[in-house]
Amino acid sequence: MRIWLVDVLQCLRWATPTQLQFLITYQKVKQVFNLNASPEPMNYNEISLRPAQETDAWVLSAIHIAAIKALPATFYTQKELLAWRNYRDKPDGSNILKRMEVETFWVAIKGDFVIGFASFFVDELIGLYVHPKYQGKGIGRALVQHFCDQATEQGIDKVITIASLYAEGFYLRLGFTAIQRAPLYLRSGVVVPVTQMSKTLAIAPN
């Protein structure tokens, strides 16, 4: 059911804290799904990174869906891409919330809006997604660099990731090395080829 905000100011006047958070999240998710809008000019200095919060979960799910929907069916079929986004057309932050219990999530923000995110665990970059409107502007590079910086601070000298065939060239440009092709098991028994990759980090001497 579509939600129509007829009089936002009146809603804000009488809304409970929970309802206010819902309204804010709804507006953010609605903006994420506005794929028909023209790309906005952007100064890289307008982008900042911060740790993800639980209230970001539905927005992150929306970005994940939007990023995969924007991919052409070249390396993977439409059926495989549908499985990759967990057969969702609408955001559901419940899975993101579960992952937040074990993975570290960082988000890229422009103004008040989350436009990309990365998730990782110690030395492994698990997920990296940027909204299609903001791809090609260095946001993914910044998130990967932050992950590498976090690993370096912990004394880790090598990081790993599993890249989709779409993203393999991106990681190669960032200094990662392809190790081997491997199967990735998605939902409903769908299996897609991915590339296992690694990058050696320079550890500063004490």
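This is a predicted model: local features need pLDDT of at least 70, side-chain atom pairs count only at pLDDT 80 or more; totals for chains, interfaces and linings use all residues.
Residues are numbered from 1 along each chain as its sequence is written, and side-chain values use heavy atoms, with hydrogens and water left out.

The mean pLDDT (the predictor's confidence in each residue, from 0 to 100) is 84 for the chain, and 77% of the residues reach 70 or more. Over residues 1-16 the pLDDT is below 50, and this stretch has ten contacts (heavy atoms within 4.5 Å) beyond near neighbours in sequence. The pLDDT is also below 50 over residues 35-39, a stretch with six such contacts.

The chain contains seven helices and seven strands; these are DSSP runs, with helices (H or I) of at least four residues and strands (E) of at least two, numbered from the N terminus. Along the sequence they follow the pattern α-α-β-α-α-α-β-β-β-α-β-α-β-β. Of the contacts between residues at least 6 apart in sequence, 66% join residues at least 24 apart. Among the 206 residues, 40% count as buried, where buried means under 20% relative accessible area, exposed over 50%, and partly exposed in between (1.4 Å probe, protein chains only).

The interior can be described through its nonpolar cores. A nonpolar core is a set of buried Ala, Val, Leu, Ile, Met, Phe, Trp, Tyr and Cys residues joined through side-chain atoms within 4.5 Å. The largest has 25 residues, of which Leu125, Ile139, Val144, Val159, Tyr171 and Phe176 touch the most other members. At least two residues come from each of β2 (104-110), β3 (113-121), β4 (124-130), α6 (139-153) and β5 (158-163), and α6 supplies the largest share, six residues. Beyond residues up to four places away in sequence, Val159 touches several others, including Phe147, Cys148, Phe176 and Leu201. A second, separate core of 23 residues includes Ile96, Met100, Phe117 and Tyr129.

On the surface, Phe121, Val122 and Ile126 form a nonpolar patch with about 250 Å² of accessible area together. Such patches consist of residues with over 30% relative accessible area and no salt bridge, nonpolar side chains (Val, Leu, Ile, Met, Phe, Trp, Tyr) being joined within 5 Å and like charges within 9 Å. Accessible areas come from the Shrake-Rupley method with a 1.4 Å probe; for residues, only the protein chains shown count as cover. Ile126 is found in strand β4 and is partly exposed at 37% relative accessibility. Val122 lies in the loop between β3 and β4, and its phi is positive, about 55°, although it is not a glycine.

The structure holds six salt bridges, each a side-chain nitrogen of Lys or Arg within 4 Å of a carboxyl oxygen of Asp or Glu. In one of them, the closest N and O atoms of Asp89 and Lys69 are 3.3 Å apart. Asp89 lies in the loop between α4 and α5 and Lys69 in helix α3 (residues 57-69), so the pair ties together parts 20 residues apart in sequence. Arg99 and Glu103 meet in another salt bridge, at 3.0 Å from N to O. Arg99 is partly exposed at 21% relative accessibility, whereas Glu103 counts as buried at 13%. Salt bridges with shared partners join Lys69, Arg85 and Asp89 into one network.
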